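Q: Can you walk me through this structure? I'd like the salt bridges first, then the overall build.

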Amino acid sequence: MEFENMLNRLDEIVNILESGECGLDEATKLFEEGKNLSEKCLEKLNANKGKITLIEKELNEVIEKDFK
């Protein structure tokens, strides 16, 4: 699932839970789904942070090499 779609679904879940219009069983299922989605979002963010850090490091090495 795309990161943006997961965020949109998380927003939907929060709105449903905040409305108080669902029963305990549905709220529990939604809470669990939200928890799983938030963990997946965090994993994607951390993975992309690592990629960006690596790209920045490589770019800095190229700049230092070419401008020394």
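Q: Where do glutamate 39 and lysine 35 lie, and how many residues apart are they?
A: Both lie in helix H2, four residues apart, about one turn of the helix. Helices here are DSSP runs of H or I with at least four residues, strands are E runs of at least two, and numbering starts at the N terminus. The two side chains meet in a salt bridge, 3.0 Å from N to O. That term takes a Lys or Arg side-chain nitrogen within 4 Å of an Asp or Glu carboxyl oxygen.

Q: What sort of model is this?
A: This is a predicted model: local features need pLDDT of at least 70, side-chain atom pairs count only at pLDDT 80 or more, and totals for chains, interfaces and linings use all residues. Residues are numbered from 1 along each chain as its sequence is written, and side-chain values use heavy atoms, leaving out hydrogens and water.

Q: Is lysine 35 buried, partly exposed or exposed?
A: Lysine 35 is partly exposed, at 42% relative accessible area. Glutamate 39 is partly exposed too, at 38%. Buried means under 20%, exposed over 50%, and partly exposed in between, with a 1.4 Å probe and protein chains only.

Q: Which residues make the largest nonpolar core?
A: Met6, Leu10, Ile13, Cys22, Ala27, Leu30, Leu37 and Cys41. H2 gives the most, with four residues. A core is a set of buried Ala, Val, Leu, Ile, Met, Phe, Trp, Tyr and Cys residues joined through side-chain atoms within 4.5 Å.

Q: What about the overall build: how many helices and strands?
A: Two helices and zero strands. The C-alpha atoms fill a box of roughly 65 × 15 × 15 Å along the principal axes. Buried residues make up 13% of the 68 residues.

Q: What is the radius of gyration?
A: The protein has 19 Å, while a compact globule of 68 residues would be near 11 Å. The radius is taken over C-alpha atoms, and the globule rule is 2.2 Å times the number of residues to the power 0.38.
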